Amino acid sequence: MATTVSFAFGSPAGRRTVEMSYERTGSGEPLVLLHGIGHHRQAWDPVLRILALERDVIAVDLPGFGASPALPQGLAHDLRTMVPVLGSFFDALGVVRPHAAGNSLGGLLALELGRERLVRSVTALSPAGFWTPSERRYAFGVLRAMRGAALSMPMPLIERLSQSSPGRTVLTSTIYARPGRRSPAAVVSETVALREATGFHQTLDAGRTVAFTDDVPDVPVSIAWGSKDRLLVPRQGVRAKRVIPGARLVRLPDCGHVPMNDDPAAVARVILDTSRRPAGTAPAQNA
């Protein structure tokens with residue numbers, strides 16, 4: 001069940017109240033899960049039960065997505081703001097240096113949290129920020145088209161399409177390699193999340209100048225990429241490995257941009273293996 005936490009953020013002269021929704025389950029060392037742009041915490045549902053066997057799992061609705069309202073006026077939906085906001089969120093929950101796993105935008109945020117030493121390990125699934133200018137323009141164009149389609153379709157049509165495998169393919173094949181595996185209820189829910197994402201445009205605009213160019217030393221990092229990612233193409237993983245040479249680069253066969261649904265066991269294994277690795281140790285052989 002979702003919970004909402006409110007916390008103060010900003011300088012003493014410009015404090016704002018930020019609200020974030022999250023779901024928490026399991027026990028063990030804390031693990032924070034961060035979704036991509038236009039999505040919500042339920043993107044992690046396929047792996048939640050597996051991860052909760054070993055970790056205190058905190059699946060987050062990022063500000064402006066899912067059940068979390070957008071950031072208050074005056075706060076930008078950019079990395080410079082979002083990373084300390086997440087740090088304040090950890091403080092509000094009494095969580096000290098959790099493990100972090102993120103997908104797409106969430107993967108970029110997880111890497112930034114690792115660079116700032118706010119987390120103890122990072123698993124980034126198809127993280128944003130390793131694109132060329134043309135790859136970024138392509139990805140942003142696809143995201144805008146997905147948002148436009150979600151806004152233009154009436155709910156009865158979305159619900160009708162969700163009832164069949166071909167219909168779920170129409171709605172979600174951009175992000176899933178195996179859209180037929182997604183349940184009708186989940187497809188409807190995430191389509192609604194995309195159309196109602198109040199932080200979508202601000203987050204996308206902030207991403208126009210994003211490029212991850214710094215190493216993440218002394219923190220175990222795994223970067224995993226679906227072989228059938230149609231949004232952020234897999235060659236971006238090779239660039240990520242060059243930027244973060246100590247990272248383990250993992251190929252996820254037959255997985256799309258949001259691999260948690262396509263192969264939950266493989267994704268959970270990468271996250272747990274990364275979180276078990278002591279800081280400063282060399283990664284296992286790349287997959």
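Helices (H or I, at least four residues) and strands (E, at least two) are taken here as DSSP runs, numbered from the N terminus. The model is a predicted one, in which local features need pLDDT of at least 70 and side-chain atom pairs count only at pLDDT 80 or more, whereas totals for chains, interfaces and linings use all residues. Residues are numbered from 1 along each chain as its sequence is written, and side-chain values use heavy atoms, with hydrogens and water left out.

Ser121 belongs to strand S6, which covers residues 121-125. With a relative accessible area of 2%, Ser121 is buried, a class that means under 20% relative accessible area, with exposed meaning over 50% and partly exposed lying in between (1.4 Å probe, protein chains only). The side chain of Ser121 makes a polar contact of 2.7 Å with the side chain of His99; such a contact is a pair of N or O atoms within 3.5 Å, where within protein one must be able to donate a hydrogen and the other to accept it, and where residues adjacent in sequence count only if both atoms are side-chain atoms. Contact in the wider sense means heavy atoms within 4.5 Å, and on that basis Ser121, leaving aside its neighbours within four places in sequence, is in contact with Pro98, His99, Ala100, Val219, Pro220, Thr274 and Ser275.

Ser68 is found in the loop between strand S4 (55-61) and helix H2 (79-93), and its relative accessibility of 3% places Ser68 among the residues that count as buried. A polar atom of the side chain of Ser68 lies 2.7 Å from the backbone nitrogen of Ser21. Not counting residues up to four places away in sequence, Ser68 touches Glu19, Met20, Ser21, Asp61, Leu62 and Pro63.

## Helix H6 and its faces

In H6, the buried residues are Gly167, Arg168, Leu171 and Thr172. Seen down the axis of H6, these buried residues fall within an arc of 110°, so they line one face of the helix; the arc is that of the directions from the helix axis to the C-beta atoms. An α-helix has 3.6 residues a turn, so residues three or four places apart point the same way. The buried residues of H6 pack against helix H5 (155-162) and H7, whereas the face turned away from the buried side carries the exposed residues Pro166 and Val170. At the N-terminal end, H6 is capped by Ser164, a side-chain oxygen of which lies 3.0 Å from the backbone nitrogen of Gly167.

## Pocket and cavity

On a 1 Å grid over the protein atoms alone, a cavity is a set of points where a 1.4 Å probe fits but cannot get out, and a pocket is an open set with protein on both sides within 12 Å along at least five of seven lines, while lining residues have an atom within 4 Å of a point. Grid points are joined across faces, edges and corners, and a volume is the space filled by probe spheres set on the points.

The largest pocket holds about 380 Å³ of space, and of the 24 residues that line this pocket, Met146, Leu171, Thr172, Ile175 and Leu194 are the closest to its centre. Helix H4 (133-152), helix H6 (165-172) and helix H7 (184-195) each supply at least two residues of the pocket lining, with H4 giving the most, five residues. The pocket lining divides into 14 nonpolar, nine polar and one charged residue, where Ala, Val, Leu, Ile, Met, Phe, Trp, Tyr, Cys and Pro count as nonpolar, Asp, Glu, Lys and Arg as charged, and the others, Gly among them, as polar.

The structure holds one cavity of 30 Å³ or more. The largest cavity has a volume of about 280 Å³ and is lined by 24 residues, of which Ile37, Leu105, Leu108, Thr203 and Gly207 lie nearest its centre. Two or more residues of the cavity lining come from each of H2, helix H3 (105-115), H4 and helix H8 (200-206). This lining divides into 19 nonpolar, four polar and one charged residue.

Most residues other than glycine have a negative phi. Arg117 has a phi near 60°, and Asp254 has a phi of about 60°.

| Residue | Location | Relative accessible area |
|---|---|---|
| Arg117 | loop between H3 and S6 | Arg117: 34%, partly exposed |
| Asp254 | loop between strand S8 (248-252) and helix H10 (259-262) | Asp254: 33%, partly exposed |

Arg242 is found in helix H9 (residues 235-243) and is exposed, with a relative accessible area of 63%. The C-alpha atoms of Arg242 and Asp215, which stand 27 residues apart along the chain, are separated by 9.1 Å.
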